[in-house]
Amino acid sequence: ISQDKDWWRSVWNAGYITLIALTFQNTLAFLLAWACDREIRMKNFYRVIFFIPPVLSEVVVGMAWRYIINDVDGANIINKMLVSIGLPQLVHSWLNDPKTALTTVALVHCWKGFGWGFLIFLAGLQTIPKELYEAARVDGANAWHSFKNVTVPLIIPVVVLVAILTVLGTMQVFVLIIGLVGGEFAGHTSVPVLRILASMRYSSRFGYACAQGITFGAILVIISFIQYRFSKKAKA
């Protein structure tokens with residue numbers, strides 16, 4: 001398995017998607033949760049809307065975004081919108097170009113999964129006593145100082161939890177990718193679980209698929225251990 005370039009490329013692809021999820025997805029989830037935790041109009045409506053994507057079927061979401069992003073009768077919805085607003089130079093075959101396919105998959109995954117982080121962040125923010133913010137205002141702290149000295153220290157354990165769940169969930173993503181790329185098990189959007197399925201489906205190499213699964217499991221255990229050590233330091 002150490003000589004299988006396709007396998008290690010799929011591991012790299014999963015790592016790339018996970019990196020985008022850790023940064024863009026979780027940042028978006030936290031900012032939206034922070035906004036909904038404040039006194040804004042229709043915040044309960046926004047809470048419902050933001051939690052809709054995670055509860056949708058991954059296959060349905062993948063197929064829907066495939067219609068929006070990929071070529072349908074020579075043009076897709078995104079490209080038509082770019083042309084309509086005067087940006088024809090940005091028209092692109094997003095899922096067919098190796099340079100943009102993986103990033104496109106990662107962004108769709110972020111849209112599908114940010115609601116879980118949003119919900120956890122919102123629950124964590126609501127556990128912070130409001131008296132601490134009031135005391136900070138009495139001491140002359142502005143909104144930034146309250147955020148830096150009250151919100152951030154108390155939300156760190158929640159951030160660590162969301163990061164762990166994001167890594168373990170994103171590294172194992174595959175159903176959404178099948179819906180997006182139409183069932184292809186190899187190529188520039190392949191991930192470890194798809195490689196394991198391909199070994200069993202196309203070549204009937206069940207022993208090799210088992211070896212891939214054990215290797216992938218070991219990778220997840222190592223990542224979990226590293227995150228556990230980091231979380232202990234962060235909480236301390």
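Helices here are DSSP runs of H or I with at least four residues, numbered from the N terminus. Helix 5 covers residues 101-126, which makes 26 residues, and its first and last C-alpha atoms lie 38 Å apart, close to the expected 38 Å. That expected span is 1.5 Å times one less than the number of residues.

Before we go on, please keep in mind that this is a predicted model, in which local features need pLDDT of at least 70 and side-chain atom pairs count only at pLDDT 80 or more, while totals for chains, interfaces and linings use all residues. Residues are numbered from 1 along each chain as its sequence is written, and side-chain values use heavy atoms, with hydrogens and water left out.

Now to the charged side chains. The count comes to 1 salt bridge, meaning a side-chain nitrogen of Lys or Arg within 4 Å of a carboxyl oxygen of Asp or Glu. Asp 37 pairs with Lys 130, with 3.5 Å between the closest N and O atoms. This pair links distant parts of the chain, 93 residues apart: Asp 37 sits in helix 1 (residues 5-37) and Lys 130 in helix 6 (residues 130-138). Asp 37 is buried at 13% relative accessible area, whereas Lys 130 is partly exposed at 41%. Buried means under 20%, exposed over 50%, and partly exposed in between, using a 1.4 Å probe and protein chains only.

What about disulfides? The whole structure has 0 of them, the criterion being two cysteine sulfur atoms within 2.5 Å. Cys 36 cannot qualify because its sulfur is 18 Å from the closest cysteine sulfur, in Cys 110. Cys 36 is buried at 2% relative accessible area, while Cys 210 is partly exposed at 48%.

Notes:
Helices (H or I, at least four residues) and strands (E, at least two) are DSSP runs, numbered from the N terminus.
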